[in-house]
Amino acid sequence: MEVPEHLDRCRSIVGRLRDALPVGLPVPGGMDVDTEELVRMAEWKLSEAERALEEGPESPAVAEAHQAVELLVKAALRELDVEPPRTHDIRRLLGVLTTELLDLGEGDLAVEVRRIAREHRDTLASLLEGYFSLFEPPFEGDAEEVVRAAGKVFEDLRRILEKVR
């Protein structure tokens, strides 16, 4: 099989996989994905994290949970018409969200975001470690505990997002 024919076949397979996903894929480099799509993607990632826990300790469960929380924070930023910074550091994203809320005169919400960041500091650090464990050695912590805690962070952030709307 020649390379161009192989590439066409790969594109076709990727297209079928994309169409089979329960949510759309983001368009790199732009705000083309609306807030609702990001929330659906975040919910799907959280359910994937919970499902992955069944696969064992070396599963990508923590990385999936990380992506769920990251997407939800980015959805809140987009709801405020802010292009999220290109980072996977949820703590940094929460800092940007806090700053934007303060700039909009939403001090109570900004305090609530800071509380979430402070209260879940260890979970956020574990989530980032778990995300990067996809590329390095497996996550060493208690994946089940981190995914459960990520679910709590997720619900706290969902309440923030609802108030932002």
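## Meet Tyr 131

Leaving out residues up to four places away in sequence, Tyr 131 touches Ala 63, His 66, Gln 67 and His 88, where contact means heavy atoms within 4.5 Å. Tyr 131 and Ala 63 are 68 residues apart along the chain, yet their C-alpha atoms are separated by 3.9 Å.

This is a predicted model, in which local features need pLDDT of at least 70 and side-chain atom pairs count only at pLDDT 80 or more, while totals for chains, interfaces and linings use all residues. Residues are numbered from 1 along each chain as its sequence is written, and side-chain values use heavy atoms, with hydrogens and water left out.

Is Tyr 131 buried or exposed? Tyr 131 counts as buried because its relative accessibility is 9% (buried means under 20% relative accessible area, exposed over 50%, partly exposed in between, with a 1.4 Å probe and protein chains only).

## The helix around it

Tyr 131 sits in helix α6, residues 121-132 (helices are DSSP runs of H or I with at least four residues, numbered from the N terminus). Other buried residues of α6 include Leu 124, Leu 127 and Leu 128. The buried residues of α6 pack against α3 (61-79), α4 (90-103), α5 (107-119) and α7 (143-164).

Now look at Leu 127. Beyond its neighbours within four places in sequence, Leu 127 is in contact with Val 62, Ala 65, His 66, Val 69, Ile 90, Val 146 and Ala 150. His 66 is also one of the residues that Tyr 131 touches.

Definitions and conventions
Helices (H or I, at least four residues) and strands (E, at least two) are DSSP runs, numbered from the N terminus.
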